[in-house]
Amino acid sequence: MNIKFETLIYAICQRFKKEIISADFQTTPLQGGTVGNVYEVTGIAETADGEKFPYRIVLKIQKKWERYGDPGSWRREYDLYTSDFGATFSDTFRWPTCYHAEINAEENEFQLWLEYIDGVTGLDLTGDMYNQAALELGRFQGKLYAEQPAVLQSLTNLSHADLMKNTYLHYRSWPVVYDYIRSEDCELPQHVRHMLIDIDEHSDEILARIEKLPLVLCHRDFWVTNLIYADGKIALIDWDTSGWGYLGEDLASLIADEADIDHMVEYYQRCVPAYYKGFSEYADVSPIADHCVYEMILLVFGYRLVEWYLHTEDNDEKTKHVHTLQKIYEMKTSLAQG
């Protein structure tokens, strides 16, 4: 890959707040695919007076692509990082610092040079870390909801509030999944099928309830792989789906998106109160008797899990998806008991 030496030096200067005159580098892919690539860039940087610093920076290269129902998402992180949005974060809930951002409009591609945060992420997160992530998310969204900083009005490239609804309706209109759970060939447990069909039958009423909830700034990809817990604080990466959504929408992802299946019910019971506690530090949530997080989990992940189940040949994967649907079913039982 081609790294411009001047850009690298500039990013390292921003990282150390020192004048760097030279640096070597090695790149290691962190993640990526056809539309974007993320690299860890490491090496030794040297100042004019001979000081040497080992450094570690993340380089994200994002190409244009089309996300269903959200065409501007491919460049959203660039737009956010080049705005004043970063000032809305706190010491305990933030995104990685951006040292340099540049966009090539002709090639429909941008680069972000970002802080590398070394911490706990993915399925290594503990229950206490989940709890803190929910609490800090509630505080962040509550503060923005209460204070309405000017930057929120100036951001023109945010996903729309009806994205969750439209994604659900898109899945529901797809015969492959819709007809399968209603067919005699369906191998999913009967109670799981009924749970999914029941959501369909009551979706108008459920969506109407959700649309009465406060509208908040959502990350919309708030799952464990995008969370980093370090030094008692939460950092959140990959903001390309972010936009306006409903109170509790991000919690659905935290609890159900390829999460810790064995602890899903426990985390649901812990994280919902923690989230509301954080939000209520800034805004009154007492009028909200029905938080709808369980319904959001089903709207967002119900048919998606059926799709994953149908499109994998791996029996262990199939079992995992059924197990996840079973845990979502158990959440409702725990809700009724609560």
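Predicted model: local features only at pLDDT ≥ 70, side-chain atom pairs only at ≥ 80, totals over all residues.
Colleague: Which residues of α7 meet α11?

Modeller: The axes of these helices are 10 Å apart, and their crossing is left-handed. On the α11 side, the contact includes Tyr294, Leu298 and Val306. The residues of α7 that meet them are Met195, Leu196, Ile199 and Asp200.

Colleague: How many residues of the contact of α7 with α11 are nonpolar?

Modeller: Leucines such as Leu196 in α7 and Leu299 in α11 take part in the contact, and Leu counts as nonpolar. One residue of the contact is polar and two are charged. The nonpolar residues number eight.

Colleague: How are α3 and α9 oriented to each other?

Modeller: The axes of α3, residues 127–147, and α9, residues 249–256, come within 11 Å and cross at roughly 165 degrees. An angle over 145 degrees counts as roughly antiparallel. The orientation of α3 and α9 is therefore roughly antiparallel.

Colleague: Which residues of α9 make the contact with α3?

Modeller: The crossing of α3 and α9 is right-handed. From α3, the contact is made by Tyr130, Ala134, Leu137 and Gln141. From α9, the contact is made by Asp250, Leu251 and Leu254.

Terms used:
Residues numbered from 1 in each chain as written. Heavy atoms only, no water. Axes fitted to C-alpha atoms, helices over the stretch in contact; angles between N-to-C directions. Helix = DSSP H or I, 4+ residues; strand = E, 2+ residues; numbered from the N terminus. Parallel < 35°, antiparallel > 145°, perpendicular 65-115°, else oblique. Left-handed = near helix turned anticlockwise from the far one by under 90°. Contact = heavy atoms within 4.5 Å.
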